[in-house]
Amino acid sequence: MSKQQSSDFFDSWRTYRKVVDANYMYHAQFRSQIEALLLSEFSDHPFSLLDLGCGDAAILAPVLAAAAVSYYEGVDLSETALELAAQNLKILSCPVLLKHRDLLAALNDGDRQFDVIQSSFAVHHLTTDLKREFFAAAANRLSDRGILLLTDVVREEDESLPVYYQRYCDWLRRDWSELSTQECDAVCDHLTHYDHPETRSRLEEQARSAGFTDVAELARFGWHSMFRFGRNRASL
């Protein structure tokens, strides 16, 4: 990473931390949902977890420290974020492996099975076709009773992408008061160039096509949703 790239990363990371700390995208509520689900699903046995787009792992690390996680693997495209994650994940007593990889490449290249695959605010960067590939690859990497937890931005059923971009940016410019005008502009520039959120029905259709028959939206706040995808337990 060049000196300019490093500067750009930390500028954007500082903005991201402002968004998280102010809870604009409901990270606190989703963290509580993940914590409750892991305690419910894995109260009597340890579990392995693959974290796709792990970033600095600051939100998830304390949750996992209090859970029975037996192995953690984190994947992210930012080497700097992974350096921060390595520090934050030191509180875990289990083996930790961090990979500088694209999330689809990480899914397709490995063969280790996981009890939990989780991804927060990363999959929306994939195109519709690549999201279909994501669900198929995730299904292949899960253990028989494994679950996929997906937290992401989701369009309303009647929203086109241009309408979503306009509404989301109008909302953040109005309500994200901790960000400067320049930071709001940067966030909107990023999302209009790189974000491809789907509707709930499209995500659920893609998941079912990949073999996930146990599909549930666990929480939704505005355009932000958390889903749990699993297989039909009665058939296992």
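V69 has its place in strand β2, where strands (E, at least two residues) and helices (H or I, at least four) are DSSP runs numbered from the N terminus. The structure is a predicted model, in which local features need pLDDT of at least 70 and side-chain atom pairs count only at pLDDT 80 or more, while totals for chains, interfaces and linings use all residues. Residues are numbered from 1 along each chain as its sequence is written, and side-chain values use heavy atoms, with hydrogens and water left out.

Because its relative accessibility is 10%, V69 counts as buried; buried means under 20% relative accessible area, exposed over 50%, and partly exposed in between, with a 1.4 Å probe and protein chains only. Leaving aside residues up to four places away in sequence, V69 touches F47, L64 and C94, contact being heavy atoms within 4.5 Å. V69 and C169 are 100 residues apart in sequence, and their C-alpha atoms are 38 Å apart in space.

Two packed helices are described by the angle between their axes and the distance between the axes. The axes of α7 (residues 161-175) and α8 (residues 181-194) come within 10 Å and cross at roughly 165°, the axes being lines fitted to C-alpha atoms, for helices over the stretch in contact, with angles from 0 to 180 degrees between N-to-C directions. The two helices are therefore roughly antiparallel to each other, a description used for angles over 145 degrees.

W176 touches V19, Y24, M25, Y168, W171, C184 and V187, not counting residues up to four places away in sequence.

Helix α2 also holds A28, which counts as partly exposed because its relative accessibility is 41%. A28 and A207 are 179 residues apart in sequence and 26 Å apart in space, C-alpha to C-alpha.

Conventions. Parallel < 35°, antiparallel > 145°, perpendicular 65-115°, else oblique.
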